[in-house]
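Take a look at the model below.

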Amino acid sequence: MPDELMPCDTSVLDDLIEATRQASVLEEFRRRADQSKDKVDDEVYRRVMEDYAARLQALEAGTEPLRGRARAQFERLREACERIEDTQARARLDKQELEFRGEIGEIDAASLADRLREPAETLDACRIELARLDTHKARFVAAFGSEEALLDLPTRRLAAGQVADTKGTPRARVQVEGEGADAGVYALGAVARIGRAEDNDICVQSRGISRHHAVITATVQGFVLRDLGSQNGSVVNGERSVERTLADGDQIALGEGRLRVTLTPAGARSGRAAR
């Protein structure tokens with residue numbers, strides 16, 4: 001078995017999780033202020049929005065050094081997982097080969113049972129160690145919001161026919177359907193804001209869509225769609241939803257806009273066998 005990963009700096013992760021929570025609160029305040037801006041003078045609205053922007057910028061600046069340290073730890077964790085997965089794959093092949101030789105009569109039953117003991121113990125040890133490291137991984141994902149954010153893969157629009165490389169394969173994509181300029185496929189990162197306004201990550205100009213209509217957030221449990229108090233609501237597979245964990249193939253209706261969700265199974269990675 002590979003050497004165990006050195007303990008992670010959990011205080012760094014705790015600080016990042018708290019900063020993410022504070023940023024989410026400020027973003028919600030900013031959204032509410034934008035929705036209610038007609039109730040106050042333009043100068044008041046400008047002051048409030050500039051304050052939120054400055055506080056978000058200060059949060060980002062303060063957490064960037066922590067993110068660098070956490071990303072370095074996460075890379076070590078990923079490398080440890082890959083080493084264990086390689087060991088697991090070799091042990092699985094060794095076990096399969098021994099069983100095959102036993103089936104064709106080369107190895108008798110008594111000898112087979114004895115020789116199978118070592119690869120079986122290795123497989124058990126690998127399962128236990130991968131489960132332990134997956135727990136650490138969940139902490140990192142919670143601190144950053146998603147594995148894409150850890151790997152610094154922002155929400156982005158994919159060119160037609162584009163295929164990401166193995167490390168950059170998105171865990172989720174949203175296809176904006178139709179023939180307009182906003183149609184296309186978007187790879188999701190930690191947060192994807194959807195609406196008519198140009199400051200959204202996914203800008204959709206279809207009728208009935210609010211300026212800031214909904215947001216898709218990556219969580220440890222999966223990608224979650226949350227309606228932002230839009231006028232016409234968010235509908236998933238024909239059901240109006242305020243908040244919903246998305247599944248592969250889900251159809252989302254935002255006003256007259258139509259989106260389709262494609263999810264890559266969580267934890268899918270080249271070379272990792274199902275456990």
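**A walk through the model**

Two aromatic pairs turn up in a search of the whole structure. Rings of Phe, Tyr and Trp (its six-membered ring) pair if their centres lie within 6.5 Å; planes under 30 degrees apart are stacked, over 60 edge-to-face, the rest tilted. One of the pairs joins Phe74 and Phe140: it is tilted, at 5.6 Å centre to centre and 50° between the planes. Phe74 sits in helix 2 (residues 42-103) and Phe140 in helix 3 (residues 109-144), so the pair ties together parts that are 66 residues apart in sequence. Helices (H or I, at least four residues) and strands (E, at least two) are DSSP runs, numbered from the N terminus. Both Phe74 and Phe140 are buried (under 20% relative accessible area; exposed is over 50%, partly exposed in between; 1.4 Å probe, protein chains only).

This is a predicted model: local features need pLDDT of at least 70, side-chain atom pairs count only at pLDDT 80 or more, and totals for chains, interfaces and linings use all residues. Residues are numbered from 1 along each chain as its sequence is written, and side-chain values use heavy atoms, without hydrogens and water.

Helix 2 also holds Val48. Val48 has 30% relative accessibility, so it counts as partly exposed.

Five strands form an open, mixed sheet in the order 5-4-6-7-10. Strands pair if DSSP finds at least two bridges between them. Strand 5 (202-203) and strand 10 (243-245) are the edges; each has a single partner strand, so one side of each lacks a neighbour in the sheet. Strand 4 (residues 191-195) runs parallel to strand 5, joined by two bridges. Gly195 has Cys203 in strand 5 as its bridge partner.
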